[in-house]
Amino acid sequence: MIKHLKSLPKSVLAMLAAALILLAFSTVGGARAALKYFSEIYTGQFNTYHIGIQLRENGELSVSKKWSSGDWAVEGSSKVLGEITSFEFGKTYREELTVLNNGGISEYVRATIYKYWVDSEGNKQVDLDPSYIQLELNTEDGWIKDPAYSESADHPERIVLYYTEPLAVGDETTAFMKSIKVDPAVKAVATQTTSTKTVEDKTVTTITTTYTYDDKFFALEVQVDGVQTHNAEDAIKSAWGKDVTISGTTLSLD
Amino acid sequence: MKRRNLILAVAAVCLLLCASVKSAMAYFSVSIRSEGHTEVKFSEHTTIEEEFDSWTKQLTVAYEGDDNGQVYVRAKGFAPEGMTLTYSGEKWSDGGDGYWYYDGYLGNSESIKTTTVLNVQISDVPADAKAGDSFNVVVIYETTPVQYDSDGNIIPAASADWSTGVKTND
């Protein structure tokens with residue numbers, strides 16, 4: 001075998017050597033990661049490789065997810081709209097949503113909001129207008145809205161926001177959404193029927209109003225994503241399918 | 001020999017590519033989702049009873065709905081030429097546009113029946129009118145869901161847009 005190798009041209013030998021060296025290094029890297037992974041129980045140092053994210057509603061935990069002890073740890077109720085106990089049209093309800101980095105590495109984050117109507121059985125009502133559900137979004141303080149994927153003609157219920165700076169470990173973003181209200185104009189979407197009859201010499205007129213949005217539920221669904229900051233453009237493209245540009249540390253949409 | 005060199009070179013490139021693919025798959029990412037929903041309920045039912053006595057039409061507007069089903073009410077009467085209609089009723093006022101408006105709205109607490117009365121008195125009846133003569137005094141009444149300003153406050157009935165999306169089938 002060695003005799004055959006010796007007979008190879010030097011260029012081929014050099015390529016082989018380079019390939020073997022690179023392969024060896026990548027293997028060593030994996031072995032090193034695996035070693036750290038198993039050793040974290042004793043040292044806790046592997047935390048630097050953990051990613052995690054937390055969605056907070058009005059300063060309280062809504063849901064969090066974090067890679068821990070070899071598995072994803074999920075905590076929280078996974079609920080939003082928790083403060084609306086008595087609903088009124090046109091009233092603004094506080095709904096401050098933030099993202100907190102509870103992982104061990106800094107990350108870029110984004111938030112996707114879905115607003116829509118459902119019936120009492122939880123079925124989406126695609127023919128009811130989500131624009132009556134009005135959100136106060138924050139497109140300043142580090143958040144930018146992706147116009148191509150927000151309230152588009154084919155997906156009027158969806159809004160996508162990106163946080164432009166990396167979120168350091170333990171840090172929390174500013175609120176990407178501040179409040180929610182339902183436009184009272186939704187009450188004018190109705191039909192009225194009028195009937196008149198005579199009862200005991202009295203003329204009785206009955207007007208019945210049937211509201212299109214009566215007995216419906218307005219729904220809010222929020223997804224937050226985090227991705228590593230190392231090699232961020234490729235990582236974001238791979239994880240989120242989105243082309244972005246990172247200038248320095250600042251993210252912008254292509 | 002040349003063929004073997006080529007195979008070795010391709011193998012080397014494949015090894016390099018495999019190493020790259022491995023790193024490309026190793027991005028750290030995480031995703032979570034929360035959701036919530038709140039019911040919108042605002043059914044309502046309005047009944048108007050009209051009683052005639054002593055040249056006065058008494059309109060009783062009864063409303064049954066929930067907290068979110070408030071409605072404005074307004075009424076307008078038509079009488080033969082020469083006759084006069086005089087309106088009176090607690091919390092009713094002239095809107096200046098031919099309609100009399102109930103000040104505020106009906107339906108302000110959950111599942112409660114509320115009523116209001118508007119009297120329409122007919123005067124200047126022709127002196128030669130006798131028993132058996134007939135003439136028409138018609139009162140029309142309308143309701144429409146309450147409307148809000150940009151701060152979420154309910155606006156006065158007379159200022160509301162009565163031609164909003166409500167379709168009336170009568």
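Two strands are said to pair if DSSP finds at least two bridges between them, and the strands themselves (E, at least two residues), like the helices (H or I, at least four residues), are DSSP runs numbered from the N terminus. The model described here is predicted, so that local features need pLDDT of at least 70 and side-chain atom pairs count only at pLDDT 80 or more, whereas totals for chains, interfaces and linings use all residues. Residues are numbered from 1 along each chain as its sequence is written, and chains are lettered from A and ligands numbered from 1 in the order in which they are written.

Chain A holds three helices and 14 strands. Of its 254 residues, 31% count as buried, a residue being buried if 20 or more other C-beta atoms, placed from the backbone, lie within 10 Å of its own, exposed if 12 or fewer do, and partly exposed in between.

Strand E1 (residues 52-57) of chain A has six of its six residues buried, so it is largely enclosed by the rest of the structure. Gly52(A), Gln54(A) and Arg56(A) point one way from E1(A), while Ile53(A), Leu55(A) and Glu57(A) point the other way. With strand E2 (residues 60-68) of chain A, E1(A) forms a hairpin that has two residues between the strands, and Asn58(A) in the turn has a positive phi of about 50°.

| Strand pair | Bridges | Bridge partners |
|---|---|---|
| E1(A) and E2(A) | six bridges | Leu55(A) and Val63(A) |
| E1(A) and E4(A) | four bridges | Gln54(A) and Leu100(A) |

**A sheet with strands from both chains**

Five strands form an open sheet with antiparallel pairing, in the order E7(A)-E8(A)-E5(A)-E12(A)-E1(B). Its edge strands, each of which pairs on one side only, are strand E7 (143-145) of chain A and strand E1 (29-40) of chain B. Neighbouring strands of this sheet are turned by 20° against each other on average, direction ignored, where axes are lines fitted to C-alpha atoms, for helices over the stretch in contact, and angles run from 0 to 180 degrees between N-to-C directions.
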